[in-house]
Amino acid sequence: FSLVVDLFAARSYNIETITLSSTVDQSLSRMTISTVGSDDTIDQITKHLNRLVEVVKVVDLIENPYI
């Protein structure tokens, strides 16, 4: 959790909301982050997150319906 928050802070990205929840696999947690930025900024955030060793998968949900 703190590595992701630190990544956003170090690069001056703004986190609008952040939610952390458990998964079926006790060794993993799901983190849902909402942020605002251009397509290039979101692409950079995704690339930075994927470089973190602890991150298993990054999914951009903007293409999916959401509430």
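Visitor: In which helix does alanine 9 lie?

Guide: This is a predicted model, where local features need pLDDT of at least 70, side-chain atom pairs count only at pLDDT 80 or more, and totals for chains, interfaces and linings use all residues. Residues are numbered from 1 along each chain as its sequence is written, and side-chain values use heavy atoms, with hydrogens and water left out. Helices (H or I, at least four residues) and strands (E, at least two) are DSSP runs, numbered from the N terminus. Alanine 9 lies in helix α1.

Visitor: What is the mean pLDDT of the protein?

Guide: pLDDT is the predictor's confidence in each residue, from 0 to 100. Where it is low, the predicted coordinates should not be read in detail. Here 94% of the residues reach 70 or more, and the mean pLDDT is 87.

Visitor: Which element has the highest mean pLDDT, and which the lowest?

Guide: Two strands mark the ends of the range among the elements. The highest mean, 92, belongs to strand β1 (residues 17–22). The lowest, 89, belongs to strand β2 (residues 29–34).

Visitor: Is alanine 9 buried or exposed?

Guide: Buried means under 20% relative accessible area, exposed over 50%, and partly exposed in between (1.4 Å probe, protein chains only). Alanine 9 has 54% relative accessibility. That value therefore makes alanine 9 exposed.

Visitor: Which residues of α1 are buried, and where do they sit on the helix?

Guide: The buried residues of α1 are Val4, Leu7 and Phe8. Down the helix axis they fall within an arc of 95°, so they line one face of α1. The arc is that of the directions from the helix axis to the C-beta atoms. The face turned away from this buried side carries exposed Ala9 and Ala10.

Visitor: What covers the buried residues of α1?

Guide: Cover is judged by contact, meaning heavy atoms within 4.5 Å. One strand and one helix are included in the cover. They are β2 and α2.

Visitor: Why does the length of α2 agree with that of a helix?

Guide: The expected span of a helix is 1.5 Å times one less than its number of residues. Helix α2 (residues 39–51) has 13 residues, so it should span 18 Å. Its end C-alpha atoms are 19 Å apart, which agrees.

Visitor: Which residues of α2 are buried, and which are exposed on the other side?

Guide: Ile45, His48 and Leu49 are the buried residues of α2. They fall within an arc of 100° seen down the axis, so they line one face of the helix. What covers them includes α1 (2–10). Exposed on the other side are Asp39, Asp40 and Arg51.

Visitor: Which residues does histidine 48 touch?

Guide: Histidine 48 lies in helix α2. Histidine 48 is buried, with a relative accessible area of 12%. Not counting residues up to four places away in sequence, histidine 48 touches Leu7, Arg11 and Tyr13.

Visitor: Which residues are in contact with isoleucine 33?

Guide: Isoleucine 33 is found in strand β2. Isoleucine 33 is partly exposed, with a relative accessible area of 26%. Leaving aside neighbours within four places in sequence, the contacts of isoleucine 33 are Val4, Phe8, Ile15, Thr17 and Ile18.

Visitor: What volume does the largest pocket have?

Guide: On a 1 Å grid over the protein atoms alone, a pocket is an open set of points where a 1.4 Å probe fits, with protein on both sides within 12 Å along at least five of seven lines. Grid points are joined across faces, edges and corners, and a volume is the space filled by probe spheres set on the points. For the largest pocket, the volume is about 1400 Å³.

Visitor: Which element supplies the largest share of the lining of the largest pocket?

Guide: Lining residues have an atom within 4 Å of a point. Of the 34 residues that line the largest pocket, the closest to its centre are Met31, Thr32, Ile33, Val58 and Val59. α1, β1, β2 and α2 each supply at least two lining residues. The largest share, six residues, comes from β2.
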